[in-house]
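Visitor: I'm new here and would like to learn how to read a few features. Could you walk me through them?

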Amino acid sequence: MAQTGNHSIPAGVHLSSHKEEEEEVGPPGGPFPLCVPGQTNTPGQTNTSTAGGLTPEDPDRLAGERALVSGFKQLKLEKDAQKNWDLFYKRNSTNFFKDRHWTTREFEELRACREFESQKLVLMEAGCGVGNCLFPLLEDDLNIFVYACDFSPRAIEFVKKNPVYRPDRCTAFQCDLTKDDLRENVPEGGVDVVTLVFVLSAVHPDKMKLALQNISRVLKPGGVVLFRDYGLNDHAMLRFKAGSKLGENFYVRQDGTRSFFFSKEFLAALFEETGFQCVANDYVLRETVNKKEGLCVPRVFLQSKFTKASQSQSS
């Protein structure tokens, strides 16, 4: 990936690259199943209550990573967060991530939450990027309307220029989930399902609760949040070099974008503190092959489902 230059990345910060994480959106050959205790896994996948991916040397190395990026540089990264994601999409256009055709197969709730088969489902994709999940969803399910938002104005431009984009089936808008009220674009309590797929990890941990509170306002009582993101000790986390650590399980990449790696305990507490109830929350382990380097590397993802308390439960 191209360097962004000193105008957007604080000097002296040694970073990792998105190229270490290119499998994040799922394998081209098929879906990951939702992790449910006792469920049988497909080949190459494991459900576990403990995050994996560590070599014998990794615990000592991680324990020794005490030096953090300076407070001044961290403030600059937070200030430049939107600009860094906009530059990412400027460099990569719509070509970086693979289309997520596995989403409806993985999250059966997209069909199961309907009261009757012909019911129109209202979904919100928080952090839609350039539409790699959005457009496969619209093509796969003709009875769905999607609100799609992203931090990057450039990403939203790409979404609206896509020939599949139709305003009668989708509304795309730029939004900072941590401060922009979603109700300016989405009816309060009007959404059946929210997807958070490799999105919350890019938010500063101190602001994650703000994002979830914002999402909760537009989700109907009993509505569902489908979550998938980086798990603790994922290969991408272990590849970060000294000088890239921002905080506990929080790192900055080569291009100035940031990534948090979730433990299931942290995630469950975060959602529960925001008024959600946990339905499923577990790690998915998988090995992916880097053909160029001839390496087989462990990936750790956290896949979860949370519901917003119904009015009777909250009263």
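Visitor: Let's begin with Cys133: is Cys133 buried or exposed?

Guide: Buried means under 20% relative accessible area, exposed means over 50%, and partly exposed is in between (1.4 Å probe, protein chains only). Cys133 comes out at 1% relative accessibility, so Cys133 counts as buried. Keep in mind that this is a predicted model, where local features need pLDDT of at least 70, side-chain atom pairs count only at pLDDT 80 or more, and totals for chains, interfaces and linings use all residues. Residues are numbered from 1 along each chain as its sequence is written, and side-chain values use heavy atoms, with hydrogens and water left out.

Visitor: How many disulfides are there?

Guide: In general, a disulfide is a covalent bond between the sulfur atoms of two cysteines. The rule here asks for a pair of cysteine sulfur atoms within 2.5 Å, and the count by that rule is 0 disulfides.

Visitor: Okay, on to charges. How many salt bridges does a search of the whole structure find?

Guide: Side chains of opposite charge can pair when their charged atoms come close. A salt bridge is a side-chain nitrogen of Lys or Arg within 4 Å of a carboxyl oxygen of Asp or Glu. The whole structure has 7 salt bridges. One of them joins Asp234 and Arg299, at 2.7 Å from N to O. Asp234 sits in the loop between strand 6 (219-230) and helix 9 (235-238), while Arg299 is in strand 11 (residues 295-308), so this pair ties together parts that are 65 residues apart in sequence. Those elements are DSSP runs numbered from the N terminus: helices (H or I, at least four residues) and strands (E, at least two). Both Asp234 and Arg299 are buried.

Visitor: Which residues do shared partners join into one network?

Guide: Asp181, Arg183 and Glu188. Arg183 pairs with Asp181, their closest N and O atoms being 2.9 Å apart, and with Glu188, where that distance is 3.7 Å. Arg183 is partly exposed at 36% relative accessible area, Asp181 is partly exposed at 25%, and Glu188 is exposed at 57%.
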